[in-house]
Amino acid sequence: MDSLDEIEQQTASAVREIVEVSHIKKGQIFVIGCSTSEVGGQRIGSHSSMDIAGAIYRGAMSVLKPAGIWLAAQCCEHLNRALVVERPVCDQYDLEQVNAIPQPDHAGGAFGTACWQHFDDPILVEDLKAKAAAGLDIGQTLIGMHIHPVVVPVRISLSHIGDAVITCARRRPKYVGGQRAIYDRDLM
C-alpha cells in the first residue's frame, strides 16, 4: 500500500484532472465513491480504514473547496449507496434527507464516515437525483447513477489510488438533432 501522503496526493491529482476536463463549476456536485479496503489492497468491504478515508478526504477537498464545488460521498451498499452531503446541497438541489449515520465497519463505509465527521453540517440523502456533474470512483463502487445524464468516461494520467482501480466520469449535455446538427465543441 502507498503511504497516506501518497494517497492524499494521488487523490488531489485525480480530482484536479477531472475538474479541469469536466469544466465543473462552482456550486455543482462532485461525487466520490470509495472503497478504502481496495485502496489498501484488500477486497472491497473487508478492511475499512479511517486513516485512508481521511487522506482521500483531504486530497479531494484541497481541490474542491477552493473551487466552491460540493463533495458528495457515496456510502456503501448497506446504506443503499446513500450520500453524505452538506445541508446546503440538500436545499439547493431539493434532495430528500434520510435518517442514518454512516459507520466505517457496519454501514456506510470509512469514506462516508470521514465526510460525516469533517463536513460543517452533514446530512444523508437517499440519492442525488442524478445531479452530480462529475465524479471519481475509487475501487469500483459504482457512482454513475449519481451523475446527470449523459455520463461519459474521463481518462486521466492516473489509473489507481493506492491499490484501487479508479474510474472517472463527467456529464455532458445530450446530443439532439441528427446528421445535419452542428455541436458546440466546448460542451462535448
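This is a predicted model: local features need pLDDT of at least 70, side-chain atom pairs count only at pLDDT 80 or more; totals for chains, interfaces and linings use all residues.
Q: At what angle do the axes of α1 and α3 cross?
A: The axes of α1 (residues 4-22) and α3 (residues 50-67) cross at roughly 35° and come within 7 Å. Axes are lines fitted to C-alpha atoms over the stretch in contact, with angles from 0 to 180 degrees between N-to-C directions. Helices (H or I, at least four residues) and strands (E, at least two) are DSSP runs, numbered from the N terminus.

Q: Which residues of α1 and α3 make the contact?
A: From α1 the contact takes L4, I7, E8, T11, A12, V15, R16 and V19. From α3 it takes D51, I52, A55, I56, R58, G59, A60, S62, V63 and L64. Contact means heavy atoms within 4.5 Å.

Q: And by class, what does the contact of α1 with α3 have?
A: It has 11 nonpolar, three polar and four charged residues. Ala, Val, Leu, Ile, Met, Phe, Trp, Tyr, Cys and Pro count as nonpolar, Asp, Glu, Lys and Arg as charged, and the others, Gly among them, as polar.

Q: Why does T11 count as buried?
A: T11, which is found in helix α1, counts as buried because its relative accessibility is 0%. Buried means under 20% relative accessible area, exposed over 50%, and partly exposed in between (1.4 Å probe, protein chains only). Leaving aside neighbours within four places in sequence, T11 is in contact with I56, G59, A60 and I161.

Q: Changing topic, what volume does the largest pocket have?
A: The largest pocket has a volume of about 420 Å³. Of its 27 lining residues, the closest to the centre are I44, G45, S48, C76 and G109. On a 1 Å grid over the protein atoms alone, a pocket is an open set of points where a 1.4 Å probe fits, with protein on both sides within 12 Å along at least five of seven lines; lining residues have an atom within 4 Å of a point. Grid points are joined across faces, edges and corners, and the volume is the space filled by probe spheres set on them.

Q: Which elements give two or more residues to the lining of the largest pocket?
A: They are β1 (29-34), α2 (36-39) and α5 (110-118). The largest share, three residues, comes from α5. By class, the lining has eight nonpolar, 16 polar and three charged residues.

Q: Which residues in α5 are buried?
A: A110, F111, G112, T113, A114 and C115 are buried in α5. The buried residues of this helix pack against β1, α2, α3, β2 (70-74) and β3 (83-86).

Q: Where is S35 found?
A: S35 is found in the loop between β1 and α2. With a relative accessible area of 5%, S35 is buried. Its contacts, neighbours within four places in sequence aside, are I44, G45, I138, G139 and T141.

Q: What does V165 touch?
A: Not counting residues up to four places away in sequence, V165 touches D137, I138, G139, Q140, S159 and H160. V165 lies in strand β9 (residues 164-171) and is partly exposed, at 34% relative accessibility. The C-alpha atoms of V165 and G139 are separated by 5.2 Å, although these residues are 26 apart along the chain.

Q: What about R87: which helix does it lie in?
A: R87 lies in α4 (residues 87-92) and counts as partly exposed because its relative accessibility is 31%. Beyond residues up to four places away in sequence, R87 touches Q97, D121 and I123.

Q: Turning to the backbone, what is the phi of N80 near?
A: The phi of N80 is near 55°, a positive value in a residue other than glycine. N80 lies in the loop between β2 and β3 and is exposed, with a relative accessible area of 67%. H23, also not a glycine, has a positive phi of about 60°; its place is in the loop between α1 and β1.

Q: Cis or trans: which is the peptide bond from P149 to V150?
A: This bond is cis, with omega near 15°. V150 is found in the loop between β6 (134-138) and β7 (151-154).

Conventions:
Residues are numbered from 1 along each chain as its sequence is written. Side-chain values use heavy atoms; hydrogens and water are left out.
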